[in-house]
Amino acid sequence: AGKFMPRLIKIEEDEKKLEGGFNPEAYQKVITELENLIGLKSVKKEVNNLISFTRLQIDRKNMGLKSESISNHLVFLGSPGTGKTEVARLIGKVLNSLGILKKGHFVETDRTQLVGEHIGETGPKTLAVCNKALGGVLFIDEAYSLKVEGISSDFGDEAIAALLKFMEDNRDNIVVIVAGYHNEMQKFLDSNTGLRSRFNTTINFEDYDSDELFKILQKMASSRDYQICPNSIEDVKKIIGSISVNK
């Protein structure tokens, strides 16, 4: 990860003169948080590309030039525990620091909070969650659970339709990130033509290797004022390696 860090955008103090919504201090803080995440080299690269494109469009608009539409709705593909939620939080923070999102807060949801059990429940439930996330990031993990095949009484399609309409009506002030396993997410995106057109940026989260998992364990232990006994380090690494291979 160290070799990648210089590629992340650095903002100089004189750039405070740029667009009024830009907060350089908050920007630098969140970029540092991103840099300090263990592993995720390809993810950091993709997020940096997203930031670069967004900044470019902001600068072009400020100079009176034509700018492309910014769509920050994303698909995160990967196994549980690969950093998807944490990166989603950071995206909200960085887009807020750039003046794209008014709040930059993070709202995580799932099928139970979006889909009702009876006629007339789903629309209001989905709208309530979307309104809660307005100005920030709405993160839907295992998004494919919204679409249940073979059940005519399921209201998942209604939730998806309400979500897509909200995204269109509030395109400049909400970021929706859907996440889950690769194959299941592809089927989900193919289930509605509106999904593919809204979510046109995909970031793949690879599983951590054994060394990265050990570093994460060390970081978690340190944050709780624990320390791995030096004599136990090799045994811990072997255990992590065994879990990593057999997961």
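Q: Before we look at the strands, when do two of them count as paired?
A: Two strands pair if DSSP finds at least two bridges between them. Keep in mind that this is a predicted model.

Q: Thanks! So how do S1 and S4 pair, and over how many bridges?
A: Strand S1, residues 74-78, pairs with S4 in the parallel sense, over 4 bridges.

Q: What holds paired strands together in general?
A: Strands of a sheet pair through backbone hydrogen bonds, either parallel or antiparallel.

Q: In what order do the strands sit in this sheet?
A: The order is S2-S3-S4-S1-S5, with 5 strands making an open sheet and parallel pairing. At the edges are strand S2 (106-109) and strand S5 (201-205), each of which pairs on one side only. From one strand to the next, the twist averages 20°.

Q: Which helix packs on the sheet and touches S2 and S3?
A: That is H5, whose direction makes about 130° with that of S3.

Q: Which residues sit on each side of S4?
A: Val175, Ile177 and Ala179 are on one side, while Val176, Val178 and Gly180 are on the other. Both faces are covered, with all of these residues buried. In a regular strand the side chains alternate between the two faces of the sheet.

Q: Let's zoom out. How many helices and strands does the protein have?
A: The protein has 10 helices and 5 strands. Of its 247 residues, 40% are buried.

Q: What share of the contacts joins residues at least 24 apart?
A: Taking contacts between residues at least 6 apart in sequence, 74% join residues at least 24 apart.

Q: Now the helices. At what angle do H1 and H3 cross?
A: The axes of H1 (residues 24-36) and H3 (residues 84-97) cross at roughly 155° and come within 8 Å. That makes H1 roughly antiparallel to H3, because angles over 145 degrees count as roughly antiparallel.

Q: Is that crossing left-handed or right-handed?
A: The crossing of H1 and H3 is left-handed.

Q: Which residues make the contact?
A: H1 brings Ala26, Tyr27, Val30, Ile31, Glu33 and Leu34, and H3 brings Leu90, Lys93, Val94 and Ser97. By class, this contact of H1 with H3 has 7 nonpolar, 1 polar and 2 charged residues.

Q: New topic: where is threonine 122, and is it buried or exposed?
A: Threonine 122 lies in helix H5, residues 122-133. Its relative accessibility is 0%, so threonine 122 counts as buried.

Q: What does threonine 122 touch?
A: Leaving aside residues up to four places away in sequence, threonine 122 touches Leu114, Val115, Gly116, Phe155, Glu158 and Ala159.

Q: And alanine 162, which helix is that in?
A: Alanine 162 is in helix H6, residues 156-169. Alanine 162 has 23% relative accessibility, so it counts as partly exposed.

Q: How far apart are alanine 162 and leucine 114?
A: Alanine 162 and leucine 114 are 48 residues apart in sequence, and 9.6 Å apart in space from C-alpha to C-alpha.

Note on methods:
Residues are numbered from 1 along each chain as its sequence is written. This is a predicted model: local features need pLDDT of at least 70, side-chain atom pairs count only at pLDDT 80 or more; totals for chains, interfaces and linings use all residues. Side-chain values use heavy atoms; hydrogens and water are left out. Axes are lines fitted to C-alpha atoms, for helices over the stretch in contact, and angles run from 0 to 180 degrees between N-to-C directions. Helices (H or I, at least four residues) and strands (E, at least two) are DSSP runs, numbered from the N terminus. Angles under 35 degrees count as roughly parallel, over 145 as roughly antiparallel, 65 to 115 as roughly perpendicular and the rest as oblique. A crossing is left-handed if the near helix is turned anticlockwise from the far one by less than a right angle, and right-handed if clockwise. Contact means heavy atoms within 4.5 Å. Ala, Val, Leu, Ile, Met, Phe, Trp, Tyr, Cys and Pro count as nonpolar, Asp, Glu, Lys and Arg as charged, and the others, Gly among them, as polar. Buried means under 20% relative accessible area, exposed over 50%, partly exposed in between (1.4 Å probe, protein chains only).
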